Amino acid sequence: MEFVNISLKKGIELAKKEEYVLLDVREPYRFQEGHLEHAKNCPYGILEKNHSPDKKKKIIVYCDLGGQSMMAARHLAYEGYKVYNIVGGVYYYLNEQKDS
C-alpha cells in the first residue's frame, strides 16, 4: 500500500474537511510547543503499537522535518489507511508563526 506526499499548504487545506484526520506524530512536548490547527497528537511510537485512528477517515501525517511522518505514513498505509504525508514537515512554518 502506498501513501501520497503533499505540500504543507495542501495538508492544511485538506485538514479542514471532515473526512480527514490530521495527525502530528511528534512527541507530546513538541506538540505542546505548537501544532497545526485541527491536529491531534499521536506520536509515531504509539502508532506502531496499533493505537491507530478510525479507518473510515483519510489520514494526514506530519512531523518537524518529514522523517517520522514518512515512517508513520508507510505504517498506516500498510495497515490499510488512505494516507497523505506532509513533505518536509512543519518546523519552519511553526517557528515563523511563533515569531509573527
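## Basis of the model

The structure is predicted: local features need pLDDT of at least 70, side-chain atom pairs count only at pLDDT 80 or more, and totals for chains, interfaces and linings use all residues. Residues are numbered from 1 along each chain as its sequence is written, and side-chain values use heavy atoms, with hydrogens and water left out.

## The sheet

Helices (H or I, at least four residues) and strands (E, at least two) are DSSP runs, numbered from the N terminus. Here 5 strands make an open sheet with parallel pairing, in the order S1-S5-S4-S2-S3. Two strands pair if DSSP finds at least two bridges between them. Strand S1 (4-6) and strand S3 (39-41) are the edge strands, and each pairs on one side only. From one strand to the next, the twist averages 30°; axes are lines fitted to C-alpha atoms, for helices over the stretch in contact, and angles run from 0 to 180 degrees between N-to-C directions.

## Strand S2

Strand S2 (residues 20-24) is joined to strand S4 (residues 58-62) by 5 bridges, and the two run parallel. In S4, tyrosine 20 has lysine 58 as its bridge partner, and leucine 23 has valine 61. S2 also runs parallel to S3, with 3 bridges between them; leucine 22 stands opposite alanine 39 in S3.

Buried means under 20% relative accessible area, exposed over 50%, and partly exposed in between (1.4 Å probe, protein chains only). Because 5 of the 5 residues of S2 are buried, S2 is largely enclosed by the rest of the structure. In a regular strand the side chains alternate between the two faces of the sheet. In S2, Tyr20, Leu22 and Asp24 are on one side and Val21 and Leu23 on the other, and all are buried.

Helix H4 (residues 67-78) lies across S2, S4 and S5, and runs at about 175° to S5.

Alanine 72 lies in helix H4 and counts as buried, at 0% relative accessibility. Leaving out residues up to four places away in sequence, alanine 72 touches Val25, Tyr44 and Leu47.

## Histidine 38

Histidine 38 is in the loop between helix H2 (28-33) and S3. Its phi is near 80°, a positive value in a residue other than glycine. Most residues other than glycine have a negative phi. Histidine 38 is partly exposed, with a relative accessible area of 46%.

Terms used
Contact means heavy atoms within 4.5 Å.
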